Amino acid sequence: MPHKSFLIPTIGLVILALGYIVFGGLNDNLVYYLTPAEAVERRVDYADGDRFRLGGFVEVGSVTETTNGVVFTVVDEGVSVDVEHTGSPPQLFRDNIGVVVEGAWAGDVFETDTLIIKHDEEYRSTDGEEPYVPPAESEG
Amino acid sequence: MTRSRLVLPVLALVALGVGFAAAVGAPREATQGEFARIMFVHVPSAWLAFLAFGVTLLGGVMWLIRKNMLWDRIAASSAEVGVFFTGLALITGMIWGYPVWGTFWDWGDARMMSTAVMFFVYTGYLALRRSVPDPETRARRSAVLGIIAFVQVPLVYFSVTIVRTLHQGLTFTGPDSSIDEGFVGPLLINLAAFTLVYVAFTTYRTRLLKIEDDLEAEEAIADLELAGLGITEPRLGGAAVDG
């Protein structure tokens, strides 16, 4: 087969690339978001205005609506960061839900303009629970 | 068309109907409400993409060993069906993502990006097949691409474990996952129903490819006879030297 000479190095390259992604790829570029603990620890690396993503859970009872958005606390692994979000949050935004916010430090506060929900891999049925009614539906 | 050939599509259609009923009858998800129901299409679509590209890999390997064109046709048909279901997984993911995540797409998410790359690589596989006229050469080149491209399947599947993603982790096999029993049954029914659809599509497409190949061969012979065998068709890739 004439292609053997080309196939073997190609497969080798693919395996190398795969190995890099699996074992060496956990660098800054591939980290989708920082946890609150990492964000606090690496506060010096990110000056005010340097954008990055922060992921964690909305601390129960921390959500306060403001005139142009929401103020809340993102918590994970016992470390929390206060977040000031500009814009209206998605429908599913609530206490204890996973969020990924994008923005930058402004002193001790993380200011964001992008807020998305990170839904976890848990699927719970509403049997015996109060069903969740999305705001849009409850109007009618 | 003989009656036996109708068995598979009818079975697939009935299974889809049962799957749809199961999806509608499944419980309401506590956080997402009705949005969670899209998983009954999204998860089977993604599963079929993996299965289809696995069969393309198998077809490629078998062609290289046996040189039987049937394997090449199976690989080609499966890739077509796989590209369709990869697209469906992407689209249903976006439809779900908009209300739940608050965004259709995220360029930083490893699951979304790797799936999109897989979609385009296998679209490239289909394009490669159309660009090579000689069946033997086409089968060999596609087999090699079909084998190499499969490396993406584990990458897409484990992308949510290897790096942090917006996409949730592995629901069935992940360490922190939990899924209520009410969702498992309907999901399994839909996985089975979609698999039947895959088998029906791929079988039909393979048969159609055989018909296409036979027709092409017949036409080639007819052309030769018309010209009294005095000429040969112009060759691509340089003139033939006949002594």
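Modeller: The side chains of B:Arg164 and A:Glu38 form a salt bridge with an N to O distance of 2.8 Å (a side-chain nitrogen of Lys or Arg within 4 Å of a carboxyl oxygen of Asp or Glu). This pair joins two chains, because B:Arg164 lies in the loop between helix 6 (152–162) and strand 1 (178–179) of chain B, and A:Glu38 in helix 2 (residues 36–41) of chain A. Here helices (H or I, at least four residues) and strands (E, at least two) are DSSP runs, numbered from the N terminus. This is a predicted model, where local features need pLDDT of at least 70, side-chain atom pairs count only at pLDDT 80 or more, and totals for chains, interfaces and linings use all residues. Side-chain values use heavy atoms, without hydrogens and water, residues are numbered from 1 along each chain as its sequence is written, and chains are lettered from A and ligands numbered from 1 in the order in which they are written.

Now to chain A: A:Asp113 pairs with A:Arg51 in a salt bridge, their closest N and O atoms 3.0 Å apart. A:Asp113 sits in strand 6 (residues 109–117) and A:Arg51 in the loop between helix 2 and strand 1, so to speak of distant parts of the chain, 62 residues apart. A:Glu102 and A:Arg53 also meet in a salt bridge, at 3.6 Å from N to O. A:Glu102 belongs to strand 5 (residues 98–106) and A:Arg53 to strand 1 of chain A, 49 residues apart. Salt bridges with shared partners join A:Arg51, A:Arg53, A:Glu102, A:Asp113 and B:Asp106 into one network. Over all chains, the count comes to 14 salt bridges.
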